[in-house]
Amino acid sequence: MKLILSSLDLKYELEAVVKLFLPAQSFKLTVASTHEGQEGDICFVKREKKALMTSLFVYCRLDGQVANEAGVILSENESECELKLAAYLYRCLSKLTGKKPQWGIITGIRPVKQINAMAAAGLTDEQIRDRLKEVYLCSDKKINMAFAVAKVQEDILASLDDNTFSLYVSIPFCTSRCSYCSFVSQSVESSLPLIPSYVSNLCAEIRYTGQLMQKIGKRLDTVYIGGGTPTAIDAAYLEAIMKTISESFDMSQVREYTVEAGRADTVTEQKLRVIYDGGARRISINPQTLSDDVLKAIGRKHTVEQFFKAYEMAKGFGFDVINTDIIAGLPTDDFDSFKRTVDGIISLAPENITVHTLSIKRAANLNHSGEYDLNADAEKMIDYACDRLIVSGYFPYYLYRQKDQLDGQENIGWALPGREGLYNVYIMEENQTIIAVGAGASTKLVDRSGGRLQRIFNYKFPLEYNKHFDLMIEKKNEVGEFFGLERA
Ligand code: SF4
């Protein structure tokens with residue numbers, strides 16, 4: 001398949017639209033002003049400026065079938081032209097494939113943020129709905145979902161104090177690598193020699209950050225220890241990290257403290273004790289699926305029984321919130337087995353349930369080994385999960401999309417009323433500064449009144465993090481500069 005564009009600057013949006021319809025196809029991108037003479041499957045997109053008008057044209061041919069759309073707009077506004085072309089392309093490919101991806105041409109990862117931005121620009125709910133439907137071709141179902149999330153977030157965002165920040169601590173190690181994983185996480189076994197120095201550097205970075213934030217005068221609001229699987233490392237290391245956090249920051253006004261335990265095979269009484277005594281009251285224990293066969297297929301190396309045991313153990317400790325992650329569209333999973341997963345998790349009544357959709361990029365990697373069928377029923381799975389969660393009393397409270405998710409779906413965090421994860425909302429809506437420490441972590445500096453947002457990336461892998469630790473600490477000074485501190 002060839003994607004032929006009259007101009008390369010159209011590439012990003014239009015490639016994303018083609019991938020929505022033809023996820024598993026590789027395509028060649030070329031620049032040309034006509035599709036004449038081109039053979040086989042093609043999508044041709046042309047934008048031509050004439051005086052004050054811009055003419056737009058899309059022509060698609062798949063398996064010998066043709067669809068095209070053309071129009072003229074009285075504007076040179078680049079983004080309006082791009083949106084129109086993306087809509088033409090969507091409609092042509094929809095005609096030829098019979099598919100109708102529900103988010104339409106919304107390719108950004110934060111649809112709720114888009115709604116909030118439109119509301120801030122003065123649009124009424126009705127105008128926003130019309131724009132999402134008419135311009136972005138979004139389905140009523142997804143529009144309702146995005147509005148429901150925005151509604152739940154209202155109070156959470158209103159409770160935000162601009163003088164606060166959240167802390168993210170990265171522990172990028174896992175007991176083994178899940179076959180669909182694209183994170184920087186490394187297996188504990190292969191990185192065993194790195195862990196002592198990693199933990200000691202991480203503690204040094206936490207201490208430095210504590211002093212820096214004190215100088216800046218911002219107060220710690222939420223803490224999130226994530227990974228990887230933070231519980232993959234020894235209890236003593238985890239304890240050292242959590243102790244360093246409490247000694248380096250004023251914890252007296254922290255509203256939420258999460259540790260992602262992640263995999264059931266890493267959860268022990270001793271580690272849960274460390275987490276609880278260290279002050280965390282929100283914990284994640286993630287089965288991803290309640291099928292042993294699927295767990296085996298994705299290389300998670302724990303059983304469903306282990307998950308239930310870990311979950312019960314965590315319940316026994318009295319954590320305020322337990323979150324469980326599940327994934328729609330996992331290799332070898334099918335609708336009935338996913339249904340059993342959803343029903344089984346809801347029957348436990350965890351305070352939070354996060355429903356992810358597998359990303360095609362990851363699935364496609366698996367597909368290279370011939371292990372995976374891309375025809376997973378992700379849309380049907382997600383619809384089932386949404387319906388069951390709603391009738392079971394859960395509300396969607398944060399939503400984000402990743403590139404290349406199966407059937408153009410999304411990830412949604414669900415919560416029982418009043419049990420929403422604050423950190424998840426703040427990071428997704430980009431409303432609060434998140435100071436991140438550790439390998440692979442990225443700091444997000446937010447100045448809402450000045451409309452500024454800046455990211456600072458730490459070294460990605462533990463090895464380079466350890467090796468270039470001094471440089472990384474030096475980089476942390478950018479946080480101070482952002483908030484007006486003179487460099488030391
Ligand atoms: S537990 Fe999560 S981070 Fe670790 S390998 Fe599996 S998917 Fe990746």
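**Helix α15**

I looked up helix α15, residues 422-429, in this predicted model, and found 8 of its 8 residues buried, so the rest of the structure largely encloses it. Buried here means that 20 or more other C-beta atoms lie within 10 Å of the residue's own; 12 or fewer means exposed, anything in between is partly exposed, and C-beta atoms are placed from the backbone. Helices (H or I, at least four residues) and strands (E, at least two) are DSSP runs, numbered from the N terminus. I listed the buried residues of α15: L422, Y423, N424, V425, Y426, I427, M428 and E429. Next I checked what follows α15: E430, with a positive phi near 55°.

Two notes on the model. I count residues from 1 along each chain as its sequence is written. The model is predicted, so local features need pLDDT of at least 70 and side-chain atom pairs count only at pLDDT 80 or more, while totals for chains, interfaces and linings use all residues.

**α15 against α5**

I then looked at how α5 packs on α15: the angle is about 95° and the axes are 10 Å apart. That makes α5 roughly perpendicular to α15. Axes are lines fitted to C-alpha atoms, for helices over the stretch in contact, and angles run from 0 to 180 degrees between N-to-C directions. Under 35 degrees counts as roughly parallel, over 145 as roughly antiparallel, 65 to 115 as roughly perpendicular, and the rest as oblique.

Which residues make the contact? I found Q153, I156 and L157 on α5, and L422, V425 and E429 on α15. Residues are in contact if their C-beta atoms, placed from the backbone, lie within 7 Å. By class, I noted 4 nonpolar, 1 polar and 1 charged in the contact of α5 with α15. Ala, Val, Leu, Ile, Met, Phe, Trp, Tyr, Cys and Pro count as nonpolar, Asp, Glu, Lys and Arg as charged, and the others, Gly among them, as polar.

**Domains**

I looked up the division of the protein chain: domain 1 (2-97), domain 2 (111-156) and domain 3 (157-477). These bounds come from an automatic or database domain assignment. I read 27 Å between the C-alpha centres of domain 2 and domain 3. In contact are 13 residues of domain 2 and 14 residues of domain 3. On the domain 2 side, α3 (111-120) and α5 (140-158) each give two or more residues. The largest share, 9 residues, comes from α5.

**Strand β14**

Last, I checked β14, residues 395-400: 5 of its 6 residues are buried, so the strand is largely enclosed by the rest of the structure.

Notes:
Two residues are in contact if their C-beta atoms, placed from the backbone, lie within 7 Å.
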